[in-house]
Amino acid sequence: MEDNILEVRDLTTSFKVSGGKFKAVDGVSFKLKRGKVLGIVGESGCGKSVTAMSIMRLIEKQNGLIENGEVLFEGINLLDLKELDMNRVRGNEISMIFQEPMISLNPVIKIGNQIGEILKVHRNITGAQNKKRVIEMLKLVGIKREEEIINEYPHQLSGGMCQRVMIAMALCCTPKLLIADEPTTALDVTVQAQVLDLINDIKDKLNMSVIVITHDLGVICEVSDEVMVMYAGNVVEKAPVEEIFDNPIHPYTMGLMNSRPEDFKKGEPLKCIKGKVPKLSELSEGCKFVNRCDYAMDICKRCKPQLKTIKSGHDVSCFKYDLEEEGKL
Ligand code: SF4
């Protein structure tokens with residue numbers, strides 16, 4: 001039997017902006033198995049981070065609203081929890097790390113106190129025990145001079161070290177699920193590799209499940225077991241990592257694969273997907289990729305393709321694939 005730690009069903013999150021209300025996440029569904037890593041990939045504005053913030057129930061209430069769906073964490077719908085109960089889940093059972101470690105840490109609080117506060121609030125660990133655990137966590141994420149670092153401020157650390165501190169904060173209550181939103185974007189290439197190795201290593205040590213959100217296919221390839229490609233609030237393709245790299249089906253996924261800079265020689269012009277992600281207010285009734293797709297047909301303008309399983313573990317939503325399968329293309 002599948003052991004899914006998380007199951008998201010038909011999640012829909014909207015935002016009010018001048019001119020109306022628009023769906024940033026539009027009927028997203030997926031499952032995450034315990035101990036596995038799901039990579040969510042897509043361009044900026046495709047709904048990756050809004051999906052994560054909806055799971056954490058951190059959508060800003062003034063303009064945003066989770067309109068529909070279920071977020072089943074170990075079978076419990078987080079969207080039904082009272083705020084107090086959700087506060088216990090955040091940081092304790094599910095933790096999140098963000099892309100800008102320098103601005104996510106409090107600049108006027110010492111590193112040791114920032115990590116220690118989480119242990120105090122969620123686990124009631126204080127005094128010498130608190131300090132001991134903070135030092136253990138800093139060691140776990142590979143920070144040297146841990147006894148000194150606890151008395152330093154974020155501006156005294158490099159970007160890579162700040163991200164390690166953020167990871168230590170996220171992991172100090174040994175959550176069952178870690179959501180990492182662009183965890184390496186603000187870091188230079190060598191530090192990126194170290195942070196990805198660290199996430200992989202700690203995931204195995206703690207048997208944690210992880211969602212990694214990124215626009216970088218290199219990151220996806222490095223850490224994911226499964227990949228979900230999002231475009232304009234929809235899931236367009238989902239498959240195990242080797243399958244999606246070997247056999248991408250959706251034209252958007254193919255476009256992402258064909259524009260990886262590492263596949264081009266020095267001086268060779270890079271390929272990119274034509275056009276840009278449409279504004280939420282400009283989305284068509286049909287396929288949201290229609291204006292950028294080289295294979296667009298009439299039906300794509302009128303109807304929205306549905307996500308279908310094409311073989312075990314591989315789902316795609318595209319009329320081109322449907323018609324090819326039916327022998328009509
Ligand atoms: Fe392109 Fe049509 Fe497939 Fe959309 S449904 S990706 S427009 S072929």
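Helix α1 (residues 48–55) lies across β1, β2 and β4 (64–73), at about 110° to β1. Here, contact means heavy atoms within 4.5 Å. Axes are lines fitted to C-alpha atoms, for helices over the stretch in contact, and angles run from 0 to 180 degrees between N-to-C directions. Helices (H or I, at least four residues) and strands (E, at least two) are DSSP runs, numbered from the N terminus.

This is a predicted model, where local features need pLDDT of at least 70, side-chain atom pairs count only at pLDDT 80 or more, and totals for chains, interfaces and linings use all residues. Residues are numbered from 1 along each chain as its sequence is written, and side-chain values use heavy atoms, with hydrogens and water left out.

Those strands belong to an open, antiparallel sheet of four, ordered β2-β1-β4-β5. Because β2 (20–33) and β5 (76–77) sit at the edges with a single partner strand each, one side of each has no neighbour in the sheet. Two strands pair if DSSP finds at least two bridges between them; β1 (residues 4–17) and β2 share 11. In β2, D26 is the bridge partner of T12.

A second open sheet has eight strands in mixed pairing, ordered β6-β7-β8-β3-β9-β10-β12-β11. Its edge strands, β6 (94–97) and β11 (308–311), each pair on one side only, and the twist averages 20° from one strand to the next. Two antiparallel bridges link β10 (residues 234–240) with β12 (residues 314–316), and K238 stands opposite D315 in β12. Helix α7 (residues 159–171) lies across β6 and β7 (177–181), running at about 170° to β6.
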